[in-house]
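Here is a short briefing on one protein model. Please keep the structure open while reading.

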Amino acid sequence: MDSKKALEQAHGDFDRAKTILKEKGLASAAKRGDREAKEGVVEAYIHSGGRIGALVELSSETDFVARNPDFRGLAREIAMQVAAMDPKDVDELLEQTYIRDASKTVGELVTGLAASTGENVRIRRFTRFQLGESVGEAA
């Protein structure tokens, strides 16, 4: 029904209808941002050679979404992003240009998945390891 309405609103322009649907999905995802996301996965990525690795906790509202292959794939892509780009915190990570597609940010990938699953999806935390790097004092 939403597709039909978007096509009518776009006066038959298929590309404009897709844009309308995307905007509607992003607005819907923004509304879910306050809902608690306590399920999810911890995903690891080890760069070839074994000298750099990353762990990422990607959260969702339900374990059903967390088991989705797209969700797990995004968690792996984010871990790879962390290993490659070494962001300092989640906010910086969300603003980074996605390493596989410079037309998108990591935040747009997360928002896109939230829109397609109908749940709040968020990066809770991550850590990056590099062989030989000095470790700061324990807090």
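Leaving aside neighbours within four places in sequence, S59 is in contact (heavy atoms within 4.5 Å) with A37, E39, G40, F71, N120, V121, R122 and R124. This is a predicted model, in which local features need pLDDT of at least 70 and side-chain atom pairs count only at pLDDT 80 or more, while totals for chains, interfaces and linings use all residues. Residues are numbered from 1 along each chain as its sequence is written, and side-chain values use heavy atoms, with hydrogens and water left out.

**S59 and its strand**
- S59 lies in strand β2. Strands (E, at least two residues) and helices (H or I, at least four) are DSSP runs, numbered from the N terminus.
- S59 is buried, at a relative accessible area of 1%. Buried means under 20%, exposed over 50%, and partly exposed in between (1.4 Å probe, protein chains only).

**The sheet**
- An open sheet is formed by 3 strands in the order β1-β2-β3, with antiparallel pairing. Two strands pair if DSSP finds at least two bridges between them.
- β1 (39–46) and β3 (122–130) stand at the edges. Each has a single partner strand, so one side of each is left without a neighbour in the sheet.
- From one strand to the next, the twist averages 10°. Axes are lines fitted to C-alpha atoms, for helices over the stretch in contact, and angles run from 0 to 180 degrees between N-to-C directions.
- The antiparallel pairing of β1 and β2 runs over 8 bridges.
- Y45 has A54 in β2 as its bridge partner.

- L55 is found in β2 (residues 52–60). L55 is partly exposed, at 36% relative accessible area.

**Helix α3**
- F64 is found in α3 (residues 63–66). F64 counts as exposed, at 63% relative accessibility.
- F64 and E39 are 25 residues apart along the chain, and their C-alpha atoms are separated by 8.9 Å.

**A positive phi**
- D86 lies in the loop between α4 (69–85) and α5 (90–95).
- D86 is not glycine, yet its phi is positive, near 50°. Most residues other than glycine have a negative phi.
- D86 is partly exposed, at 29% relative accessible area.
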